[in-house]
Amino acid sequence: MKLNFLGACRQVGKSCILAQLGEVRLLLDCGLRVHTEHLAPALQQHKFDACVLSHAHLDHSGATPLAAREGKGPVFATFPTIPIAQLLLEDNEKVSLRNHRALPFKKQDVKRLHSKFFGLPYGLPYEFYDGTRFRFVDAGHIIGAAQVLVEHKSKRLLYSGDLNGGETRMHAAAKPPEDASEGVDALIVESTYANREHPPRDELERRFCNEVQRCIDDDCVALLPCFAVGRTQEILQVLHANRLRGDVFLQGMGATVSEISLDFPSYVKNAGMLNAALNRAKRIETREQRQRVVEKPCAIVATAGMLDGGPVLSYLQALNKRGKGEVFLTGFQVPGTNGSLLAAGEKIWVNERSRREKIVLPFSQWDFSAHSGKKELLDYVKRVNAGRVFCMHGDAAVCVEFARELREQHGFDAVAPLEEEKFTV
Ligand SMILES: [Zn+2]
Ligand SMILES: [Zn+2]
């Protein structure tokens, strides 16, 4: 098989791999690096027949309109990935327009993509004319997230996509495909947290809910910025399952993604629990509701998770003025985002990056990661036991060190590929 790494090499962002096992050339993911400027994989120089999307996050799906334009074939994805990717692409279009940041594709490319999506469930193989087959396997990361197992004759490639080997409220812990033990020639594995462990989930949940409860009992508003996909649904369930006392409000794209998630109950660990948690949260629809809600103690779950736009920014400003609030950051804050500025004690951007404001509210950061920690990644690599291992999707030092550890301590033939680096396996 031939592999060419087109993105997410020694970094997170624009995940994209060109893989050819038989005659069919597959593009595994086609992501966009978003937080600074929009960087897409250089597809014009490559030929491919179809695109296989591991999940809806923009660092994997953000440049699929380019793939739809440059490639002839369909864009394969699991059923929930399609509407969520469409929603995220649409939102990114709006935000980019507002912030005067050019996208590397046109509106009609996004339209073309919608007609090229081809939905598949987990586990059902799709076979091309030359006998190349692939199937999606649950990756436990966000709804619809998949590992991709590609086969041609006796050659097999496994792409982890973004993986969570730990159990969450939303998803069961991901495992490699059952038949991986029969032999995998090449494994492409994400390395986001290959250098550290996450805290035990039950203990994290308990501490988090205790702190949110303390804030409400102190007559304050607990502002919970959450990513729209995954984290919003996770945090609503965490609060519900731990019997938080007080009102919970919900606003932003996270509410829409929650509704979409309920359309695919079999892709969620406990749809009944998600439904109950959602029913408990009161929706904020109008500006009047938004103004009123900050006047009484409560918890507000709002998009966006890194404070870069969305309703969370207006809550933040209102609470900053009143001085009776506390911010609970529920995810990793990419450097340069408002969330990272807040965490560093610096002024954050309000009003579409035209004005900066110092936030004086107390804040804390909570590691509700949707990615495997170090031990889970190592377990995964050992269970797959592939002939060659490619470590990508992580900071440069982390990818390089993970590959070195796999080579020197565990005897794997592992590398952290560079962009446009080609391999024959
Ligand atoms: Zn992801
Ligand atoms: Zn990713």
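Domain bounds here come from an automatic or database domain assignment. I noted the ground rules next. This is a predicted model, where local features need pLDDT of at least 70 and side-chain atom pairs count only at pLDDT 80 or more, while totals for chains, interfaces and linings use all residues. Residues are numbered from 1 along each chain as its sequence is written, ligands are numbered from 1 in the order in which they are written, and side-chain values use heavy atoms, without hydrogens and water.

**Entry 1: the zinc site**

I looked up the zinc ion (ligand 2). Its protein donors (N, O and S atoms within 2.8 Å of the metal) are Asp59 (OD), His60 (NE2), Asp162 (OD) and His393 (NE2), lying 2.1 to 2.2 Å from it.

I then checked Asp162. It bridges the zinc ion (ligand 2) and the zinc ion (ligand 1), which lie 3.5 Å apart. Asp59 sits in helix α1 (residues 58-61) and Asp162 in the loop between β10 (155-159) and β11 (186-190), 103 residues apart. Helices (H or I, at least four residues) and strands (E, at least two) are DSSP runs, numbered from the N terminus.

Are these two buried or exposed? Buried means under 20% relative accessible area (1.4 Å probe, protein chains only). Asp59 is buried because its relative accessibility is 15%. Asp162 is buried too, at 3%.

**Entry 2: the largest cavity**

I noted the lining of the largest cavity. It draws at least three residues from each of domain 1 (2-196 + 371-424) and domain 2 (201-365).

Definitions and conventions. Donors = N, O, S within 2.8 Å, 3.2 Å for Na, K, Ca; no water. Buried < 20%, exposed > 50% of the residue type's maximum accessible area, 1.4 Å probe, protein only.
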